[in-house]
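Biologist: I would like to go through this model with you. Could we begin with the strands and then turn to the ligand?

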Amino acid sequence: MRKRSADLAKIKPSEITPEDQYLSRRALLAGGIGLAAAQTLGGFARPAIGQSAGPPTALTYARNTAFSVKDAPNSYADISTYNNYYEFGTGKSDPSENAQNFRTRPWNVAVSGEAEVTGNFTLEDIIKPHPLEERVYRLRCVEAWSMVIPWVGFPLRDLLNRFKPTANAKFVEFKTLFDPKQMPGQRTRVLEWPYVEGLRMDEAMHPLALMAIGLYGKWLPNQNGAPLRLIVPWKYGFKGIKAIVGIRFVQRAPRTTWAGSAVNEYGFYANVNPEVDHPRWSQATERRIGANAFGPRQPTLPFNGYAAQVASLYSGMDLRKNF
Ligand code: MTE
């Protein structure tokens, strides 16, 4: 996040997948994947014959149109080569270059804290019971760029409810893997490691909050947070923690990585608020990555356009202070 001007200069006018191409690809998927659907085992599509072990390329899911925006999605190339994942470097193309050999299987998630069901769960335990859906969400980065991404995942609240949080659970904390051997960025002090994020319980239970395992109908590429990552579309992108290995139910607001490193720049709530400038730049407008990266900027919408659904979560709060 710190190398903003240098990074912006690096944006390639990469192609956007035209929506018609994307839709016809989806129609293909819907038809061709009928077979995969028949092979699905609790949300897991088995590898087709001849495919190597490990996650198959296609996922079985249904698009949630009610929760999808109409904006044209960015191309797979844009989404998978331009993002922030400091564990693999601070440059926008670093994650796609440095995360290729990152091992995401086997994978475990430790669940702890104020809940009746805690312990270690395999990735399969985490994913299996959940029907998968595709949701096309806008992503608004705190660095004032944005994208539109067709995620595949399941509602965060459905997962959290399986752990039966107690009345003491007021917040939920998420933690990324700490493995400096695999994550070269963790050998530097650019951030405090491991990366930590958190939500208030009612935010986490909001139906828009998504646990993603895929994008564009495929399992997540490593650079986008495989095998499990959070998407909270009304908040700045840094809430969307990647490669999650820990979920902890807590009574107090967790110390999150970005708020911990610069509380005056990255607040805990991180709700997209075009009226509150970042101390070093305006949040009033944004640059949509893709074909129009050098075109006019567009206005940023309160709560990233999701105000009708989420503004009530914050009634009575001063969102200039609780930014
Ligand atoms: N998660 C981890 N573990 N490490 C990171 O550096 N960066 C965040 C978020 N999640 C980050 C992270 C930021 S700043 C953004 S904008 C999003 O990931 C961007 O990634 P995406 O485009 O894949 O959503």
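Modeller: This is a predicted model. Strand β2, residues 108-113, pairs with β3 in the antiparallel sense, over four bridges.

Biologist: Which residue of β3 is the bridge partner of Val111?

Modeller: The partner of Val111 in β3 is Gly119.

Biologist: In what order do the strands of the sheet run?

Modeller: The order is β3-β2-β11-β6-β7, five strands in an open sheet with mixed pairing. In general, strands of a sheet pair through backbone hydrogen bonds, in either the parallel or the antiparallel sense.

Biologist: Which strands stand at the edges, and why is one side of each left without a neighbour?

Modeller: The edge strands are β3 (119-122) and β7 (196-200); each has a single partner strand, so one side of each has no neighbour in the sheet. On average, neighbouring strands of this sheet are turned by 20° against each other, direction ignored.

Biologist: Now the ligand. Where does the ligand sit?

Modeller: The ligand sits in the largest cavity. It is surrounded by 18 residues, of which the closest are Tyr86, Glu87, Arg229, Gly240 and Lys242.

Biologist: What are the distances for the polar atoms of Thr176, Asn224 and Gly240?

Modeller: Thr176 has a polar side-chain atom 3.0 Å from a nitrogen atom of the ligand. For Asn224, a polar side-chain atom lies 3.1 Å from an oxygen atom of the ligand. Gly240 contributes a backbone N or O atom, which lies 2.8 Å from a nitrogen atom of the ligand.

Biologist: How much of the ligand does the protein bury?

Modeller: The protein buries 100% of the 530 Å² that the ligand exposes when taken alone.

Biologist: Where are Pro106 and Pro227 placed?

Modeller: Pro106 is in the loop between α5 (94-98) and β2. Pro227 lies in the loop between β9 (218-219) and β10 (229-231).

Biologist: And what is phi of Lys164?

Modeller: Lys164 has a phi near 50°, which is positive although the residue is not glycine. The loop that holds Lys164 is the one between α7 (156-162) and β6 (171-176).

Technical notes. Residues numbered from 1 in each chain as written. Predicted model: local features only at pLDDT ≥ 70, side-chain atom pairs only at ≥ 80, totals over all residues. Heavy atoms only, no water. Pairing = 2+ DSSP bridges. Helix = DSSP H or I, 4+ residues; strand = E, 2+ residues; numbered from the N terminus. Axes fitted to C-alpha atoms, helices over the stretch in contact; angles between N-to-C directions. Near = heavy atom within 4 Å. Polar contact = N/O pair within 3.5 Å; in protein donor to acceptor, adjacent residues only side chain to side chain. Areas by Shrake-Rupley, 256 points an atom, 1.4 Å probe, with all protein chains shown as cover. 1 Å grid on protein atoms, 1.4 Å probe; cavity = no way out; pocket = protein on both sides within 12 Å on 5 of 7 lines; lining within 4 Å. Sits in = over half its atoms within 2 Å of the grid points.
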